[in-house]
Number of protein chains: 2
Amino acid sequence: MRILVALAVLLAGTAAMAQDKTPLNAADSDPVRLGWMQGFPPAADKQVRWDNSSMWAFPKTRWSFSHWRELMPSTAVRRSGPISVFPRAERRDIDAITLVPLGATTPMTWEQSLAANYTDGIVVLHKGRIVYERYFGALKPDGLHIAFSVTKSFVGTLAEILIAEGKLDPQRTMASYVPELAGSGFGDATVRQVMDMRTGIAFDEAYGGIDGDVFRMSLAMGGVPRPKDYAGPDGIFANVASLKKAGAHGGDWVYRTPNTDALAWVLEQVAGQSIAAQIEARFWSKLGMEQDASLQVDPVGTGFTGGGFSPALRDMARFGEMLRLGGRWQGAEIIPAAAMAAIRKGGDAPAFVAAKYPGLAGGSYASQWWHRAGGQFMAVGIHGQGIYIDPKAEMVIARFGSHPVATNRVINVTTLPAYDALAAHLSGR
Amino acid sequence: MRILVALAVLLAGTAAMAQDKTPLNAADSDPVRLGWMQGFPPAADKQVRWDNSSMWAFPKTRWSFSHWRELMPSTAVRRSGPISVFPRAERRDIDAITLVPLGATTPMTWEQSLAANYTDGIVVLHKGRIVYERYFGALKPDGLHIAFSVTKSFVGTLAEILIAEGKLDPQRTMASYVPELAGSGFGDATVRQVMDMRTGIAFDEAYGGIDGDVFRMSLAMGGVPRPKDYAGPDGIFANVASLKKAGAHGGDWVYRTPNTDALAWVLEQVAGQSIAAQIEARFWSKLGMEQDASLQVDPVGTGFTGGGFSPALRDMARFGEMLRLGGRWQGAEIIPAAAMAAIRKGGDAPAFVAAKYPGLAGGSYASQWWHRAGGQFMAVGIHGQGIYIDPKAEMVIARFGSHPVATNRVINVTTLPAYDALAAHLSGR
């Protein structure tokens, strides 16, 4: 109970910051400046911990997001082979680019936009060369950072690959692949509906509070300590199997993280391999990655594919660049053409309208990827994580952040105009 | 309480096996055969978990020892640079070598000795070439395995390096480096006494049971779940600081794990760097390692230097080979000559006599390394982990195991005669 009360305070605090108070800005919340986890051992008031959930509370998140595996169990996603070194053509003119956040009138510079969104790291590729790269806070170039729901786009990409290889039928029901889902809300959803987040599952993706679906999911997976009398689902898949239907499948797009974990369950059964092993075999061992990545696991060893992946920043950029290049890397096919086409095609735009996502008018969501009207597509994680691919501008951006507010509805307001301004600048428009 | 009862059963079970019952042999306890953690998700009776302590109970240890980071938080010890590939000169005649375990009369073959000691992996270098390499159970050549107290020898080596560099004075007291130790039993011990395990700390290194010092240490570091009303030391260093003196320092050698954690505390303060970072900077980035290694951390991020390191087998062999070569690797000095000499010198033999360690008559312990009378020295971890360096035979062995019995007093009985027979064989004796 003490833990729950502490959590309630922490999570309510996050919500309060978004609504009432002004949180510390990026400079004042700098984790090095605040001394989080410094000293051997760190002093009590400088500790960032799993067991009291302080790791989830801004501004300590500015440390925890760059140290995820030190807080929870994880499994390795290993690199191999020679590193693919990006050529560099760094440009000093980028910091001064100006943009106007959505709904605002006062312009800010690119450099200001990084602080506004609590950027921990950002790398920009133009035509395959690094034109810009910065690290802030607790993140180093060789460090890992939690990517949250960017993880989902790796899972969606694996799904499209398995479909292209004829191993997965997107029109089959979830229960036909995973019998344990038969009694759940997912049972009669098709794989495609789950991939595109168009299920009618009863799950409210609201962050904060200790009685919501997100908190129950966290308890199930061990993201937060369980109370002594815990009797809820034991593990990520058990949580998925416990969810019911609130409405029909195939309706409007609604963002619900358990869709991804349910999809991962199918993919693990179909491939006979964990998602971590699949990401390693398909991507991490093939793209000249620099660093092993890490996937958070639950108490029974299941990877949190809805949001538990921690890669290094430049490795995330390599994945994005491979997608920009049509699924090929140094002459090898990483993603079959049919899978690549399916990812690029995007989703049903009318189904996406009601979500009213800032900066995504005319966009869509499909195969666990976000699509903008201009052909850009992206992987997005709470608190400002992202892979952004703008094929027309030949630009790829990988970004980590630790914004105090979870939803990218707030963060996109600055990020997307910044990316648009940069794309125009790099394209000489 | 339920957790504690479950633990008592598990730990008592381990003790019972050693005393009364015959545990499953290596083949029958094979973790793949038993199906531990297979399936997505694994069935309830196939799970190996931290939160119910099943990870600590043989035969599930045959899986958990090869999957440590999936069970507890950890920090990375990263490799870098080109891999140093060992030349191979594998010999088929090794399996048939015969030996007689200490106190026995019936000989067994080398191959039989591997099963007798529940070997998970073993690699033998002769003159720098791999002459023998085998993997069993859940371990793969590119996998990590908990090395338990082999970790200590990395810490002792770091200590000798810092002494050689003039940054650490072994004659100073522990409290003079770490004021928090002033009130503890370690306060007036010298660094050297701690390095050589000749302190009078009140700590009984007995495994099993839920009221012993080892269990209390595990609770402090989060190796086992804490009961709800836990009020003991919070973290590895807090546990060290809580220990009292049972007798004078500087007497006989007595093996007590907290000596290493106390030493690590001093080294972290002196170097201003965690032990994980020091192992990375001194060894893992310099010896052409193949795999990032992993160090288990406690709830406040402190590495468990008494026994939490998980390297890959061949990487452990690289470290051993570097020591055999006098602290040098491919032309570079990894360990200063003075530090190397201090490690090779060994400890006070009379202080070691009372311990009556099988196979170590005339041996000693110093700088967190074990020394045999024949000049061989070794790093040793419970359940059969080890790095064995025989300079005269120009032989280095790295070994991982999951023997049901913790103490190497049982395991050495077979291992040391096997190593001696192999040394004689390779030397043409």
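Two strands pair if DSSP finds at least two bridges between them. Keep that in mind for the exercises below, which use a predicted model.

**Exercise 1. Find the partners of strand 4 of chain B**

Task: Which strands pair with strand 4 of chain B, and in which sense?

Solution:
- Start with strand 14 (residues 395-401) of chain B: seven bridges link this strand to strand 4, and the two run antiparallel.
- For one position in this pairing, look at Gly121(B), which stands opposite Phe400(B).
- Next take strand 5 (residues 129-135) of chain B, which is joined to strand 4 by six bridges, also in the antiparallel sense.
- Here Ile122(B) has Arg134(B) as its bridge partner.
- Now follow the chain from strand 4 to strand 5: the hairpin has two residues between the strands, and Lys127(B) takes a positive phi near 50 degrees.

**Exercise 2. Check how covered strand 4 is**

Task: How many residues of strand 4 (residues 119-126) of chain B are buried?

Solution:
- Count the residues under 20% relative accessible area.
- Eight of the eight residues in strand 4 of chain B are buried, and the strand is mostly covered.

**Exercise 3. Describe a helix crossing in chain A**

Task: How do helix 5 (residues 150-164) and helix 13 (residues 337-345) of chain A cross?

Solution:
- The two axes come within 8 Å and cross at roughly 135 degrees.
- The helices are therefore oblique to each other.
- The crossing is right-handed.
- Among the residues that meet are Thr157(A) and Ile161(A) of helix 5, and Ala338(A) and Ile343(A) of helix 13.
- By class, this contact has six nonpolar, one polar and one charged residues.

Note on methods:
Residues are numbered from 1 along each chain as its sequence is written. Chains are lettered from A and ligands numbered from 1 in the order in which they are written. This is a predicted model: local features need pLDDT of at least 70, side-chain atom pairs count only at pLDDT 80 or more; totals for chains, interfaces and linings use all residues. Side-chain values use heavy atoms; hydrogens and water are left out. Buried means under 20% relative accessible area, exposed over 50%, partly exposed in between (1.4 Å probe, protein chains only). Helices (H or I, at least four residues) and strands (E, at least two) are DSSP runs, numbered from the N terminus. Axes are lines fitted to C-alpha atoms, for helices over the stretch in contact, and angles run from 0 to 180 degrees between N-to-C directions. Angles under 35 degrees count as roughly parallel, over 145 as roughly antiparallel, 65 to 115 as roughly perpendicular and the rest as oblique. A crossing is left-handed if the near helix is turned anticlockwise from the far one by less than a right angle, and right-handed if clockwise. Contact means heavy atoms within 4.5 Å. Ala, Val, Leu, Ile, Met, Phe, Trp, Tyr, Cys and Pro count as nonpolar, Asp, Glu, Lys and Arg as charged, and the others, Gly among them, as polar.
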